[in-house]
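Dear colleague,

Please find below the structure that I promised to hand over, together with its sequence. My findings follow it.

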Amino acid sequence: MPTVLDDIIVGVREDLERRRAAAPRADLEARCAQQPPARPVLDALAGPGIGLIAEVKRRSPSKGDIADIPDPAALAATYAAAGATVVSVLTEERRFGGSLADLDAVRAAVETPVLRKDFVVEDDQVIEARAHGADIVLLIVAALADVDLDRLLRLTEELGMTALVEVHDEEETRRAVDAGARAIGVNARDLKTLEVHPATFARLRPLVPDGIVTVAESGIRGAADAARFAAEGADALLVGEALVTDGDPATAVRAIMAAGGRA
C-alpha cells in the first residue's frame with residue numbers, strides 16, 4: 001500500500017516534468033553558471049552552541065495550512081537579522097504550498113545560506129536548486145535507493161553545495177554515513193505515517209561518527225526543546241512551524257539559539 005511519502009513523490013515527479021518543459025536542463029545549467037559560488041555552511045552549523053535552520057513553511061501534510069506567508073522574503077530577512085544560521089525554503093507545491101519563486105524571493109533578500117527543502121529524487125532538482133541560488137539541498141534517504149543517494153550527493157558537491165541528508169531510523173543512518181554524508185538531519189517525523197517520535201534523535205545520534213554535522217528536525221516547539229537537543233548532541237535544529245506561528249519570529253529565533261548555547 002502506498003505511503004504518504006510515496007504519494008508525495010508521485011506529485012513531485014509530475015511537477016518536475018512540467019517545469020522541465022518550461023526550463024530544459026541546458027537552461028538550468030546556464031543559470032547555474034551565472035550564480036555566485038554556494039555559501040559554505042558546515043562550520044557555521046557545527047557551533048559553538050546550537051545552529052538554527054529557520055524555515056519558511058506555509059503548510060504540511062500532517063497539519064494542513066499552518067501560516068499565511070504573503071512575503072517569504074520579509075520573513076527570511078527577519079530570520080537572518082535575528083541570527084538564524086540558515087534559511088530553509090520549502091519548494092514542494094502540492095502538500096507544502098511552496099515554489100521555486102519562494103526560493104528566488106528569499107535568495108534575493110538574504111546573504112544567509114539558503115536550503116532548498118523538497119523531495120529530491122532526480123538530478124534536475126539538484127541543478128534547479130543551484131540555478132535558483134540554493135547553497136544546501138535536502139536529500140531524504142527514505143526516498144532514495146543507495147545508487148540514487150550516492151549520485152545525488154556527488155552531484156550536489158560537484159555544484160559546490162552542501163547536502164543535508166535526512167534519516168529516520170538506524171538503517172537509514174547507516175546508509176547516510178556509508179554514502180559519505182557530511183551533514184545528517186534526524187527527522188523525528190516518520191514520513192511514511194507522519195507520526196512524530198520525540199526520542200528519535202537521542203536514539204540515532206550515537207550512530208553518527210564525530211565530524212559529521214547533526215541536525216534535529218521536527219517537533220521542536222521552542223527553547224526547552226532546543227536545550228534538550230543541545231544536551232543530546234545536536235549541532236543544529238531545523239524549525240518551521242514553531243517560528244511561522246509565533247507572533248514574534250525574531251524573538252523566537254533568538255530564544256531557541258540562546259537556549260542551545262549560541263549568542
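Which element gives the largest share of the lining of the second largest pocket? In this predicted model, that element is helix 3, with three residues. The pocket in question has a volume of about 160 Å³. Its lining comprises 13 residues, and those nearest the centre are Val41, Leu42, Met161, Thr162 and Arg182. Helix 3 (42-46), helix 7 (146-158) and strand 7 (162-167) are the elements that give two or more residues to this lining. By class, eight of the lining residues are nonpolar, two are polar and three are charged.

The largest pocket has a volume of about 490 Å³. Among its 30 lining residues, Lys57, Arg189, Ser218, Gly219 and Glu241 are the closest to the centre. Strand 6, strand 10 (236-239) and helix 11 (241-244) each give two or more residues to the lining, which by class holds 14 nonpolar, six polar and 10 charged residues.

I also examined strand 5 and its neighbours. Strand 5 (residues 114-117) is covered on both faces: Val114 and Arg116 are buried on one side, as are Leu115 and Lys117 on the other. Strand 5 pairs with strand 4 (residues 86-90) in the parallel sense over four bridges, and Val114 is the bridge partner of Val87. Together with helix 5 (residues 100-109), these two strands make a right-handed β-α-β unit. Strand 5 also pairs with strand 6 (residues 136-140), in the parallel sense over two bridges; here Arg116 has Val137 as its bridge partner. The chain passes from strand 5 to strand 6 through helix 6 (residues 123-131) in a right-handed β-α-β crossover.

With kind regards

Definitions and conventions: Residues numbered from 1 in each chain as written. Predicted model: local features only at pLDDT ≥ 70, side-chain atom pairs only at ≥ 80, totals over all residues. Heavy atoms only, no water. Buried < 20%, exposed > 50% of the residue type's maximum accessible area, 1.4 Å probe, protein only. Pairing = 2+ DSSP bridges. Right-handed = clockwise from strand over helix to strand, strands pointing away. 1 Å grid on protein atoms, 1.4 Å probe; cavity = no way out; pocket = protein on both sides within 12 Å on 5 of 7 lines; lining within 4 Å. Points joined across faces, edges and corners; volume = space filled by probe spheres on them. Nonpolar A, V, L, I, M, F, W, Y, C, P; charged D, E, K, R; others polar.
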